[in-house]
Amino acid sequence: DERRRAGTFFSGPEIADKLAAAIRLKVSSDAVVMDPTCGLGDLLLAYASGLPIRRTLVETLDFWGCRLAGMDTRSDLVRMTKVRLLFLARARGRFSEATNDLDGLFPLIAVGDALKDTDRLAAADAFLFNPPFGQVQSETEQPWAKGQINAAAIFLATLIAHRKPAAPIAAILPEVLRCGSRYGRFRDFVSDAGLTGPFEPMGR
């Protein structure tokens, strides 16, 4: 109920794997891939499952830490994302060594607000993205909508405005942005930015 009120929906492994696979086709293994609203890290875990394993756990975590970036406004979710990535690295590499410096791991994954910390968006090479879906009052006037706006549109517009030119985005978005009559001008805005799909309906 709390997540629904906040418009927060975790990605889950099936959808996360689809998005991660799409991004892998667009970038090299050295690319910095960011989830600017990372939550529990489902999308980053899906992408990390295809990153190389190094000789030791520390080397693997250092390698991943330079390539995985993320933000969330909740510190507990950021910490859980790091824990899950640590567990994934240990499981994939079958490492028995331990590390106690969780805060020092994954330095590009940190507490932040994607709508305000836009300089961090500009540093990434590609994006995995599952923004909040709730209705909000836009704090700034948008050229494509007024009044109450779906939060996902505001997050996506901010990402488009501050990303590197042509940085690919694989996103989970509410259906209303794809086909709602109120968001026709928003779709034109997205298309003018060079983002054209493909789109795959995935149910509620």
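Basis. I number residues from 1 along each chain as its sequence is written, and my side-chain values use heavy atoms, without hydrogens or water. As the model is predicted, local features need pLDDT of at least 70 and side-chain atom pairs pLDDT 80 or more, while totals for chains, interfaces and linings use all residues.

Overall. I looked up the secondary structure and found nine helices and seven strands (DSSP runs, H or I of at least four residues for helices, E of at least two for strands, numbered from the N terminus). The radius of gyration is 17 Å, which agrees with the value near 17 Å for a compact globule of 204 residues (C-alpha atoms; the rule is 2.2 Å times the number of residues to the power 0.38). I read the spans of the C-alpha trace along its principal axes as about 55 × 35 × 35 Å.

Burial. Of the 204 residues, 45% are buried (under 20% relative accessible area, 1.4 Å probe, protein chains only).

Strand 4. I then turned to residues 126-129, where Ala 126 and Leu 128 point one way and Phe 127 and Phe 129 the other. All four are buried. In a regular strand, side chains alternate between the two faces of the sheet.

Pairing. I checked the neighbours of strand 4 (pairing needs at least two DSSP bridges). Strand 1 (residues 33-35) runs parallel to strand 4 and is joined to it by two bridges; Val 33 has Ala 126 as its bridge partner. Strand 7 (residues 169-171) is also parallel to strand 4, with three bridges, and there Ala 171 stands opposite Phe 129.

Key
Buried means under 20% relative accessible area, exposed over 50%, partly exposed in between (1.4 Å probe, protein chains only).
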